[in-house]
Amino acid sequence: MNDTLAEWVALAGDGSLAKAVLHAQAEESGDTEEAVWAKMRSRLEAMKEAVQEGLRKDIRSLSGLSGGQAPLLMQHFLSGKALCGTLLGKAEAYALATAECNACMGKIVAAPTAGACGILPGAVLAMMEEKGKTEEQAVDALFVAAAVAEAIVTQANVSGAEGGCQAECGSAAAMAAAALCSMEGGSAQQCADAAAFALMNLLGLVCDPAGGLVEVPCVYRNVGASGVAFTAADLALSGIRCPIVPDEVILAMKDVGDALPPSLRETGVGGCASCPSIKAKLCMRLQED
């Protein structure tokens with residue numbers, strides 16, 4: 001497989017980035033392209049199921065901190081009051097639903113991690129429902145997202161404990177931005193630029209889960225990063241080139257992650273994890289148990 005976004009763009013040439021990734025994956029795995037595509041389609045189905053599970057009003061995590069919030073956001077969207085409109089509004093609700101499904105021990109697709117699992121599904125599924133994109137376009141978009149993930153994993157990492165939440169939600173936003181660009185007919189270079197725009201806008205995001213649980217602020221960051229993905233895709237699709245080479249943004253993320261203090265790398269010590277209100281809620285929950 002290819003190690004950098006530049007290599008993926010070169011491999012695609014003037015053609016489809018999704019098809020280039022599909023072909024490369026088939027060659028590496030020894031499976032047919034049809035079999036590889038079918039596996040990715042199954043991931044799309046799992047994403048749909050996670051959204052529906054997360055939209056249930058009765059699900060709650062063991063800590064009591066998550067579950068039941070996504071239906072509220074979805075109702076706000078359905079009321080027509082969402083400030084960001086129908087497309088992003090639905091993507092946000094789906095992102096939160098998926099993240100809450102994960103927090104409540106449901107089945108999700110780590111994209112690229114469990115903590116950032118809602119961003120890519122929310123974007124892709126909202127595009128299908130609100131802009132009439134086909135299943136084929138959605139599955140192809142997941143292959144594009146996979147290429148972005150591979151470039152990040154190879155050159156940096158997607159671990160919050162190692163690189164902060166920029167490595168989780170930042171990477172997921174980059175994957176989603178490239179996927180969105182693909183679904184709108186963007187070129188391979190535009191997909192790479194979209195990924196870079198998303199990543200640079202979340203550079204330095206810390207990993208600070210309260211109580212060490214992937215719930216607060218994690219599930220809400222899935223919502224926020226969704227907006228970043230859409231704006232990044234719009235930048236690239238407008239014809240604006242990223243002024244920094246996309247792979248250099250990935251390397252910059254690694255440098256920033258390496259510089260983060262341990263308190264801001266998934267230890268549950270600094271950032272939001274140290275806020276008195278959330279610590280009090282966790283203590284109260286422990287006392288109840």
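The legends below describe an overall view and several close-up views of a predicted model. Local features are given only where pLDDT is at least 70 and side-chain atom pairs only at pLDDT 80 or more, whereas totals for chains, interfaces and linings use all residues. Residues are numbered from 1 along each chain as its sequence is written, and side-chain values use heavy atoms, with hydrogens and water left out.

**Figure 1. Overall view of the helical protein.** The protein contains 13 helices and 0 strands, where helices (H or I, at least four residues) and strands (E, at least two) are DSSP runs numbered from the N terminus. The C-alpha trace spans about 60 × 40 × 40 Å along its principal axes. Among contacts (heavy atoms within 4.5 Å) with a separation of 6 or more, 75% are between residues 24 or more positions apart.

**Figure 2. Close-up of the largest nonpolar core around Leu 44.** A nonpolar core is a set of buried Ala, Val, Leu, Ile, Met, Phe, Trp, Tyr and Cys residues joined through side-chain atoms within 4.5 Å. The largest such core has 91 residues, of which Leu 17, Leu 44, Leu 120, Val 124, Phe 143 and Val 148 touch the most other members. When neighbours within four places in sequence are left aside, Leu 44 is in contact with Val 124, Leu 125, Met 128, Glu 135, Ala 138, Val 139 and Leu 142. A second, separate core of 5 residues includes Leu 65, Val 216, Ile 278 and Leu 282. In soluble globular proteins, nonpolar side chains tend to be buried together.

**Figure 3. Close-up of Leu 17 and the cysteine Cys 191.** Leu 17 lies in helix H2 (residues 17-29) and counts as buried at 9% relative accessibility. Beyond four places in sequence, the contacts of Leu 17 are Trp 8, Ala 12, Val 144, Ala 188 and Cys 191. Cys 191 is itself buried, with a relative accessible area of 2%, but its sulfur is 4.4 Å from the closest cysteine sulfur, in Cys 181, and therefore too far for a bond. Likewise, the sulfur of Cys 207 is 5.6 Å from the closest cysteine sulfur, in Cys 165, which is too far for a bond. With a disulfide defined as a pair of cysteine sulfur atoms within 2.5 Å, the count comes to 0 disulfides.

Figure 4. Helix H11 (residues 218-237) holds Ser 226, which is buried, with a relative accessible area of 2%. The side chain of Ser 226 reaches the backbone oxygen of Asn 222 at 2.8 Å. Apart from neighbours within four places in sequence, Ser 226 is in contact with Leu 88, Ala 91, Glu 92, Ala 95 and Ile 119.

Figure 5. Lys 90 is found in helix H5 (residues 85-103) and, at 9% relative accessibility, counts as buried. Not counting residues up to four places away in sequence, Lys 90 touches Met 74, Phe 77 and Ala 126, together with Glu 129 and Glu 130.

Methods:
Buried means under 20% relative accessible area, exposed over 50%, partly exposed in between (1.4 Å probe, protein chains only). A polar contact is a pair of N or O atoms within 3.5 Å; within protein, one must be able to donate a hydrogen and the other to accept it, and residues adjacent in sequence count only if both atoms are side-chain atoms.
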